[in-house]
Structures are given as C-alpha cells and as structure tokens.
Amino acid sequence: MDQLFAKIRNSKAARHVFLFLAVMGPGIITANVDNDAGGIATYSMAGAHFGYTLLWSLIPITIALIIVQEMCARMAVATGKGLADLIRENYGVKVTFYMMLTLFFVNLSNAMAEFAGIAVSLEIFHISKFISVPISAFFVWMLVVKGTYKSVEKIFLFACLFYVAYVISGFIAKPDWSDVLKQTVTPSFNWTLDYTVMLVGLVGTTIAPWMQFYLQSSIVEKGVTIEEYRHLRIDVVAGCIIAPIIAFFIVVACAATMFHAGITIESAQDAALALKPLAGNYASWLFAFGLFNASIFAASVLPLSTAYSICEGLGWDAGVDKRFEEAPQFFWLYAAMIIIGAGVVLLPNFPLFKVMYFSQVGNGVLLPFILIYMLRLINNKDIMGEFVNSKGLNIIAWVTVFIIITLTLIMVGFTVFLPGKAL
Amino acid sequence: MKLFTYLSELLGRKVYFENKQYAGKVCDISMRLNEAVFPMAEYFIIQKGVFKKQYAKIYLNVIKRVGYRIKLNIDRSKMEYSKDSIRPEFSLCFDILDQQVVDMNDQKVVRVNDVHLMMVDRQLYLAHVDVGLRGLIRRLEWTGFVDFIVKLFAPEAKYLKQEELISWKNTHVLTLGRTKNVIRSDIVRNRLAKIPAAELADIMEDLDVFDKLSLFKTFSVDLQRKVFADMAIQEKEELVDHLGDREAGDLLENIPADEATDLLHNLPKEKTKQLMRFMHSKTSKKLRMLLGYAQDTAGGLMTTEYLYLGADALVKDAIQKIKDNVDYPGNLFHIYIVDEKHALKGITSLRHFINKDPSRPLMEACYPSDVFVRLDDGMEEVALLLEKYKFSSIPVLDEDGILQGAITSDDVMEELITLTWKKYKDQI
C-alpha cells in the first residue's frame with residue numbers, strides 16, 4: 001500500500017495534478033464571478049426569447065474569453081504587477097485616474113445589481129430583503145476583513161461548485177438534446193434588431209472590465225511563479241470554459257421551458273418564477289438558489305476588486321490585512337461599495353434600471369481602452385521580456401479585441417439610442 | 001527660475017530658440033548616472049510635431065532662461081532632431097515618475113506622483129519624490145479647483161499645506177519587471193549597504209515576493225545571512241520557497257543551525273530533502289539530526305554550533321578560540337570542555353577566564369557546578385535553568401553525557417514569545 005502511495009507521489013502525472021491544485025483559483029473564480037446577477041438575467045432572456053438560436057455564440061465567446069484572460073494571467077506572472085499598476089507606470093496618472101473613476105462607478109452599479117440579485121432570489125424563498133440584504137452585506141464585509149487571501153479563495157472556489165444548480169435545472173427542464181446540440185454547433189444569423197441586441201448583450205456581459213483587473217491582481221497576490229505558469233494557464237482556460245458551460249445550461253433551461261411556452265421575461269427572478277409551473281418547484285428553487293449564490297459571490301468580489309484596483313493605480317496602500325489607519329482609502333472604497341450597493345436596494349422606488357443603463361455605457365466605454373492598453377503592454381518587451389505575444393497569437397488577439405470593441409460600441413449605441421431594448 | 005520646481009510643471013513647457021522660433025515641448029529629463037546623492041540632470045528631451053513626431057536633446061548649457069517659456073541661446077541650425085524617441089539610461093519619466101519606490105524611513109512602498117527638482121548654479125538636481133495627494137492632484141491639473149473647494153469648506157485642512165516629499169537619498173527604486181529579476185542598474189544600490197540589516201528586513205516585509213527576491217539577490221552573502229536572520233518566520237518560508245533550491249540550500253548553510261532547523265520544520269518534507277541535497281553533507285547531517293527532535297524540546301531548540309575545547313586546553317587557547325571565531329553565528333561567550341568521547345567535562349565563559357593566567361589549564365577556570373539539560377527536556381525546564389543560573393546558554397547532553405548541542409537564551413525567548421503571542425491572541 002505504502003509503495004503504491006509512493007508510486008503515485010513520484011509519478012509525473014501526480015506531480016502535475018498537485019502543482020495544478022496549488023495554483024488553481026484565480027482563473028476559475030474570475031470566470032465564474034462573471035456569471036453574476038446581470039449575466040444570469042441576460043442568459044435567461046436569451047433563452048426565453050430566442051430559444052436555442054443564440055447557443056452557438058457561446059463558442060466564439062469562450063474563445064475570446066480565453067484569449068483575453070490568458071494575456072492577463074501572463075502579464076501577472078511575467079511582471080508580478082497588477083493591471084492598474086502597469087497602466088499607471090506606462091501610461092501615466094491621468095489615464096489611470098479617469099479609468100479608475102469610471103471603473104468605480106461601473107462596478108458600484110454592478111454591486112447594486114448583485115445586492116438586488118440577493119434580494120429578489122431570496123424573496124422567492126419568502127425572505128424579506130430587509131433581512132437578506134443587510135445580513136449579506138455584513139457577511140461580505142466580514143469575509144474579507146477577517147479573511148486572508150488563501151481562506152477567501154477557498155470559500156470562493158467552494159461557491160463555484162454551486163453553479164451546478166444551473167446544470168441540474170437545465171436537465172430538469174428536459175430539453176430536446178439533439179436540437180440543442182445542433183443549434184450549438186450551427187451558427188444561425190437572424191438579423192432582427194432584438195436578436196442583434198441580445199447577441200451583443202451576451203458578449204458584453206461575458207467580457208467585463210473588472211475581470212481583467214481582478215484576475216491579474218489575484219494572480220499577483222497569490223504569488224504564482226513563472227515555473228508554475230503552465231499550470232496556471234490550465235486554471236485560466238478551465239475557468240473560461242466552465243463559465244460559458246454554466247451559461248449554456250441557463251439558456252437551455254429557459255429555452256426548453258419559457259421559449260416553448262411563449263413566456264417573455266424581464267429579469268432573472270422572472271425566469272425563476274416562470275420555471276415553477278413549467279418545470280416544477282425544484283427547478284425554480286434551484287434557479288433562485290443559483291441566482292443567490294452568484295449574486296453574493298459577485299457582491300463579495302466586486303467591492304474588493306474595485307478597492308484593490310483603484311488603490312493600486314493611484315498608489316495608495318491596500319490590503320485586507322492592513323489596519324484602517326494604514327490604508328484608509330482602501331477601506332473607505334471598500335465600505336462605500338458595500339454600503340451604497342446594499343443600501344440602494346433597500347430604498348423604495350430606487351431606479352436601479354437607470355443605474356444599470358449607465359453602467360452598461362460605462363462598461364462599453366471602458367473596455368476598449370483596457371483591451372488596447374493590455375495588448376500594447378503585452379507586446380512591450382521591456383515589460384514582458386520573453387513573454388510577449390507570439391506573432392500568430394498577436395493577430396488573433398488583435399482581431400478578437402477588434403471584434404469585442406466593435407460589439408461593445410454597438411451595444412453602447414443600442415443602450416443610448418434604444419434604451420428600452422438593450423437591457 | 002525658482003529654487004524648487006516640480007517635474008509636472010516642467011513637462012509640456014514650450015521651448016523656443018534664440019530667434020523665438022518654436023523648438024518643441026519638454027517631454028522628459030535624462031539624469032546622470034553617477035554616485036552622487038542627488039542625481040544631476042543631463043539634458044531635457046523635447047518633442048515636436050503631432051503626426052510626425054521629432055525628438056531632440058537639449059543640454060543644460062544651451063538653456064538661457066527657464067520661465068513660463070524655456071528660452072535657448074542657440075538657433076535651429078545647431079539642433080539635431082531625430083525621428084525615434086530618445087530613451088536615456090536613467091530618466092525621470094521612465095524610471096521615477098509613476099513608479100514604485102521604497103521609502104527607507106517609513107519602510108514602505110509608495111508610488112511617485114511627482115518629482116521635486118532643485119535648481120542650483122544652473123544645474124538641476126533630483127531632490128525629492130512627491131508621494132502625496134497634492135502631487136497626485138497637481139498631475140491631474142486639478143490643483144486650482146480642488147484647492148478652491150477645500151478652502152471653501154475647510155480652510156485649515158492639512159491637505160492645503162502638507163506636501164509629502166521624500167528625500168531622494170531615502171528612497172530606493174524598485175525593479176521594473178520580474179523578467180529582469182534584479183534591481184535596476186542602480187546608482188543607489190550602494191546605499192543599501194549602509195542600512196542596518198534589521199531595517200532592511202523590515203523594508204523587505206512590505207515588498208511583494210518578487211521585489212523581495214530581486215532585492216535579496218542584490219545582497220552580498222554576508223548581508224543575506226544577516227537580513228535573513230532578522231526576518232519573520234513566514235517571510236523566511238516564503239523567500240526559501242521562491243529562491244531556487246541551490247540558492248536556498250546555500251543560504252540555509254550560512255545561517256545558524258537552529259534557525260535552519262526551525263525553518264525546515266515548517267517546510268514540506270519533500271522540499272526539505274531537496275534543499276539538503278544542495279548542502280554540504282556535514283551541515284545536512286547536523287540538520288537532519290536536529291529535525292528529529294520535537295520543536296519544543298531541548299533537542300529541537302539547540303544548535304550544534306558551539307565552541308568547545310579538549311580537556312587539556314589552556315586559557316590562552318580559549319582566548320584564541322574566541323578570537324578566531326569573531327564572525328561565528330552561534331554563542332561566542334561560552335566554551336565547553338569535552339573529553340575525547342565528546343562527553344561534557346566543564347563549562348566556562350569569557351567572563352570567567354578572561355582575567356586568568358593564559359598559561360594555566362582551562363579546566364581551572366570552569367564554573368563550579370555542571371548545569372545542563374537532556375535532549376528531551378521541555379522548553380520550560382530550559383527556561384527555568386537559564387533564568388536560575390543567569391546563563392546566556394546551556395549545554396544539551398544525551399543519556400551518556402555526550403555533548404549534543406547548546407541552547408542560547410534568545411532561542412528560548414523566541415519560542416516563548418511565539419507561545420505567549422498565541423495565548424494572547426486566543427484570549428482576544
């Protein structure tokens with residue numbers, strides 16, 4: 001027996017598995033947080049309104065996500081610095097400051113959406129938002145203030161497991177799998193306005209500005225070395241594949257039920273409620289639970305990531321293990337995100353919809369800058385050394401970024417000119 | 001020109017030739033790489049054109065006046081423009097502005113918001129780096145607006161007066177990227193040598209692991225050893241984890257055996273074995289033995305580095321022994337007298353024999369009683385004995401009375417402090 005263990009320990013494959021487990025985290029967490037309250041709403045609507053016809057878009061989205069996130073991870077490992085750090089050091093303080101200002105407001109409105117997601121998902125279980133939201137806010141605060149990077153990462157990884165709820169509800173919805181499969185691999189273009197808006201919305205919700213900052217900072221904080229990069233890349237790619245798979249099941253669940261019944265929905269909780277008569281209580285509960293998990297997960301990550309990025313870029317001390325006097329800006333930013341984010345959800349008649357509208361525009365304006373800076377940084381030999389993009393990858397990366405930027409700008413256009421449709 | 005000026009105020013300033021022809025605007029300043037405490041500016045870099053950018057160097061001796069506009073005392077014909085941007089070895093915009101520096105006084109890493117320059121004798125010196133909020137707002141060109149608002153609501157605000165400047169001599173520029181893996185070709189590196197090791201260890205604590213590593217690698221072996229000894233245990237682990245096995249092995253060999261043992265105790269078994277491979281067999285044998293004992297027993301606490309002499313040694317031999325081992329990492333003041341089987345025969349200390357006749361046998365200058373502990377004695381017992389006899393170190397014997405090692409009071413102290421801390425933490 002001991003010999004067997006020794007054999008396993010010494011085998012090359014096992015070594016790789018252990019090395020992978022050691023660096024696992026940042027990629028999977030970032031990609032999963034991406035399926036937040038807003039993401040789930042978008043995927044639900046995509047499924048409910050267009051059936052399986054948008055499923056094919058998840059494949060190119062996955063590829064784009066992998067390309068962008070891998071570059072972030074590579075920058076983190078090669079420079080040991082966060083994205084905000086690098087932008088500040090190479091493009092100066094002005095760009096950084098305005099970028100961070102936009103990021104703050106965009107992320108703040110996202111945080112509001114997450115707390116709203118917590119409120120509505122628990123209302124399905126008959127828990128008042130005046131109980132659920134304050135408790136969640138307190139939980140989020142304690143999680144990060146009392147935790148260390150390692151413990152927080154473990155909790156986050158654990159939260160990733162609950163996304164399985166959507167996979168199960170996808171199966172409970174009893175879709176026609178052969179049709180699902182066919183639609184996934186055959187792109188169907190349907191250039192009606194609604195369809196295009198939804199397609200652009202899917203891309204917009206999947207590739208968000210905060211992810212780049214968060215992924216890079218968390219890899220730096222984890223201290224992944226260049227030798228470990230190969231294994232980190234697996235983590236990043238795995239995350240970028242898992243997240244669209246979850247999205248796939250959300251679309252499938254909604255398509256198999258609501259699309260066939262001809263029900264239109266406006267939000268994620270509509271979807272959860274609509275599932276009750278169509279696929280039974282369990283599917284509805286699972287869907288609501290998934291929404292709660294995703295919302296609280298993202299509500300924990302967003303404020304932290306925002307406070308870190310801003311402090312990084314503007315040169316203020318940051319870190320959950322610091323005392324308040326050592327890093328006042330960090331804690332103020334962090335507290336502001338949670339208190340405002342959770343607070344507005346409790347206000348009666350708060351125009352969350354309008355806030356989301358501005359957040360959408362802010363996201364769209366910010367993303368092109370970030371992606372272009374990223375591409376320029378990653379091709380800078382002074383910074384990246386031998387880790388610059390290879391020629392082939394560079395062409396693919398520029399094309400991807402170009403497409404993402406075009407789609408994002410189209411989305412901004414939709415949001416500004418057709419506010420009723422784009423959300 | 002004013003005595004002091006900020007880089008942000010110079011950047012973008014328009015430069016004119018003697019005949020009032022436009023020359024370009026300032027975009028960077030190249031500094032001289034020398035050993036001076038405050039580096040001196042070598043030339044300004046100017047840039048003109050929007051689509052077809054051209055760059056030129058202006059040496060300080062061609063500058064006639066620095067005012068709202070910068071006037072030169074030469075004509076266009078004397079100036080050479082180049083199409084490529086100029087990248088000096090050491091420049092304010094590339095190497096200082098917006099970069100991170102270590103503030104040696106407060107021992108933390110800060111980001112440079114602006115650079116404070118000093119004009120003396122028609123020379124421009126780098127005097128301070130600005131790391132404060134005012135500097136940040138000046139860079140954003142919001143000073144007028146923000147000052148107005150703050151004056152309106154809080155005329156006494158600290159913000160209005162407080163400049164957070166750090167003298168250049170108290171800063172240290174960090175490396176640009178991990179790929180270079182060493183601190184940048186540094187005119188300031190020599191300064192490091194003058195900082196006490198304990199303070200360097202404190203500074204290191206604030207760096208992230210890669211900066212830590214690159215800083216650490218610039219130290220001499222001797223300095224590495226000293227700084228390492230002053231680091232907290234988690235810091236040490238982190239560092240050993242990121243150093244290559246060979247480097248880590250070399251390092252562990254150079255530090256006292258008891259500290260190396262503590263460290264190895266906390267590392268995974270595999271890593272320990274790997275590190276041992278890079279040590280001399282004598283050292284690794286010693287460490288392996290120490291690793292066998294529980295950490296809070298005498299065996300785990302002890303070091304195998306101690307001074308000893310044979311039973312026939314004279315007082316002058318002892319004095320010579322101490323002289324020969326001034327750089328010795330272990331306890332220097334106690335000498336143990338052992339027989340040919342290495343069994344303990346007597347203990348003496350510098351205080352005891354320093355005034356004795358050098359030609360007398362050392363045995364005559366021994367302590368009256370033999371105070372020692374056994375390998376498996378607990379830490380409390382060791383502490384009690386040390387306190388009782390006011391010794392700074394105590395020998396450790398095995399069952400046969402063979403001398404195995406020695407424990408110094410600071411080793412016990414360290415363990416006790418850790419324990420006390422744990423208890424204290426549990427209470428709160």
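**Close-up views of a predicted model**

**View 1. Three strands of chain B form an open sheet in the order 17-18-19, with mixed pairing.** Strand 17 (373–374) and strand 19 (403–408) of chain B stand at the edges with a single partner strand each, so one side of each has no neighbour in the sheet. Keep in mind while browsing that this is a predicted model. Strand 17 of chain B pairs with strand 18 (residues 393–397) of chain B in the parallel sense, over two bridges.

**View 2. Strand 4 (residues 41–48) and strand 5 (residues 54–59) of chain B form a hairpin.** The two strands pair in the antiparallel sense over six bridges. Among the residue pairs to pick out here, B:Tyr43 stands opposite B:Tyr59 in strand 5 of chain B.

**View 3. Strand 3 (residues 22–31) of chain B runs antiparallel to strand 4 of chain B.** Six bridges join these two strands. Follow B:Gln47 through this view: B:Gln47, in strand 4 of chain B, is the bridge partner of B:Lys25, and B:Gln47 also has B:Tyr55 in strand 5 of chain B as a bridge partner.

**View 4. Helix 5 (residues 58–79) of chain A packs with helix 19 (residues 391–417) of chain A.** The helices meet at an angle of about 115 degrees, and their axes are 10 Å apart. Helix 5 and helix 19 of chain A are therefore roughly perpendicular to each other, and helix 5 of chain A passes helix 19 of chain A in a left-handed crossing. Which residues make the contact? Helix 5 of chain A brings A:Ala64, A:Ile67 and A:Met71, while helix 19 of chain A brings A:Ile396, A:Ala397, A:Thr400 and A:Ile404. Sorted by class, the contact of helix 5 with helix 19 of chain A has six nonpolar residues, one polar residue and no charged residues.

Technical notes:
Residues numbered from 1 in each chain as written. Chains lettered and ligands numbered in written order. Predicted model: local features only at pLDDT ≥ 70, side-chain atom pairs only at ≥ 80, totals over all residues. Axes fitted to C-alpha atoms, helices over the stretch in contact; angles between N-to-C directions. Helix = DSSP H or I, 4+ residues; strand = E, 2+ residues; numbered from the N terminus. Parallel < 35°, antiparallel > 145°, perpendicular 65-115°, else oblique. Left-handed = near helix turned anticlockwise from the far one by under 90°. Contact = placed C-beta atoms within 7 Å. Nonpolar A, V, L, I, M, F, W, Y, C, P; charged D, E, K, R; others polar. Pairing = 2+ DSSP bridges.
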